[in-house]
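Q: Hi! Could you walk me through this model while I have it open?

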Amino acid sequence: MDINTVAILSPGDMGHAVGQRLREHELDVITCLAGRSDRTRALSRKAGIRDVATIEELVEQSDLIMSMTVSAAVSGVCQQVADALAATGSDTLFAECNAISPQLTQGLEPIITGAGGRFVDVSIIGGPPRPGYSPHFYASGEHAAQFEQLNDFGLTVLNLDGAVGQASGIKMCYAAMTKGSWALYSQLLMAAELMGLTEPLLAEFGSGQQAVLQRMERTIPTVPPRSRRWVSEMEEIRDTFAELGMTPHLFEGVAEMYRFIGSTPLGEEFPESRDRDRTFIETIQQLAQRVPVRDGDGDQA
């Protein structure tokens, strides 16, 4: 199967950048913007992605569908595509590219194949494509070799040569390290701010943990605009570890931290519109101000 037309569901932060990269390498890229937000529409226009009226048209016109949405919406998107596959008789390749547990990915495969489509498990590690850079797209399952064609169109695809669930699994482990660390950094810095210990703590980090301090300075200002969509991703990591017999409680806490950050005014921002002059300390100070005050009995006042 040759890939000539790729459908992106949906062209948000990652999706529009992937679509733009594929267009730059001469692929036709389409989406369906019915019901999508003004922001998503603007990102799609910026990337030059072609809009089609219905999911059925999208399925019929595309050789490959890349599902890139928030983890909480994955099952609904998969069923929507499956219904369109069944209605049109198409055998389009469906790439499940979201941050979800291996067991959820494995449960989605028969929904697509039962409707006549083909399924490949894909995970994305790294930020959106930019000049000179592509994230890693890990692929697994029977049709991973077909997805590898995107290596010819500006992406970096790594075939794990394993079953469906392997690509999802490596994403869960990697995101546990990165996003788990950012939640930990945010919480401990807010605690230091609330106790009046920010200055001496940062001095200590500068003395013995310079690399960690540099990661904090670089990353923490970027966290709030993305925190809301990370909540469901952390819950998927929780489910992954629980399925393996490990405690789910660690990432229940990480999900709760991102839920809190997303509830603050900083969580209202978008990655492209956040205040880039706000330092990481100012970010922590503003978050700490939103921590609920507790009374003498330990209850929220």
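Predicted model: local features only at pLDDT ≥ 70, side-chain atom pairs only at ≥ 80, totals over all residues.

Q: Is cysteine 173 buried, partly exposed or exposed?
A: Cysteine 173 counts as partly exposed, at 48% relative accessibility. The cut-offs are under 20% relative accessible area for buried, over 50% for exposed and partly exposed in between, with a 1.4 Å probe and protein chains only.

Q: And what about cysteine 32, buried or exposed?
A: Cysteine 32 is buried, with a relative accessible area of 8%. Its sulfur is 16 Å from the closest cysteine sulfur, in cysteine 78, so that pair is too far apart for a bond.

Q: How many disulfides does the structure hold, then?
A: The structure holds 0 disulfides.

Q: Okay, new topic. In what order do the strands of the sheet run?
A: The order is 3-2-1-4-5-6-7-8, with 8 strands forming an open sheet of mixed pairing. Strand 3 (50-51) and strand 8 (156-159) are at the edges with a single partner strand each, so one side of each has no neighbour in the sheet. Strands (E, at least two residues) and helices (H or I, at least four) are DSSP runs numbered from the N terminus, and two strands pair if DSSP finds at least two bridges between them.

Q: What does strand 4 pair with?
A: Strand 1 (residues 5-9) runs parallel to strand 4, joined by 4 bridges. In that pairing, isoleucine 8 has methionine 66 as its bridge partner, and leucine 9 stands opposite serine 67. Strand 4 (residues 64-67) also pairs with strand 5 in the parallel sense, over 4 bridges. There, methionine 66 stands opposite alanine 95. Between strands 4 and 5 the chain passes through helix 4 (residues 74-88), and this β-α-β crossover is right-handed. Right-handed means that, with the strands pointing away from the viewer, the path from the first strand over the helix to the second runs clockwise.

Q: Which residues of strand 5 point to each side?
A: In strand 5 (residues 93-96), Leu93 and Ala95 are on one side and Phe94 and Glu96 on the other, all of them buried. In strand 4, Leu64 and Met66 point one way and Ile65 and Ser67 the other, and all are buried.

Q: Last one: at what angle do helix 10 and helix 11 pack?
A: About 165 degrees, with the axes of helix 10 (residues 224-243) and helix 11 (residues 249-262) 8 Å apart. That makes helix 10 roughly antiparallel to helix 11. Axes are lines fitted to C-alpha atoms, for helices over the stretch in contact, and angles run from 0 to 180 degrees between N-to-C directions. Angles over 145 degrees count as roughly antiparallel, under 35 as roughly parallel, 65 to 115 as roughly perpendicular and the rest as oblique.

Notes
Residues numbered from 1 in each chain as written. Heavy atoms only, no water. Disulfide = S-S within 2.5 Å.
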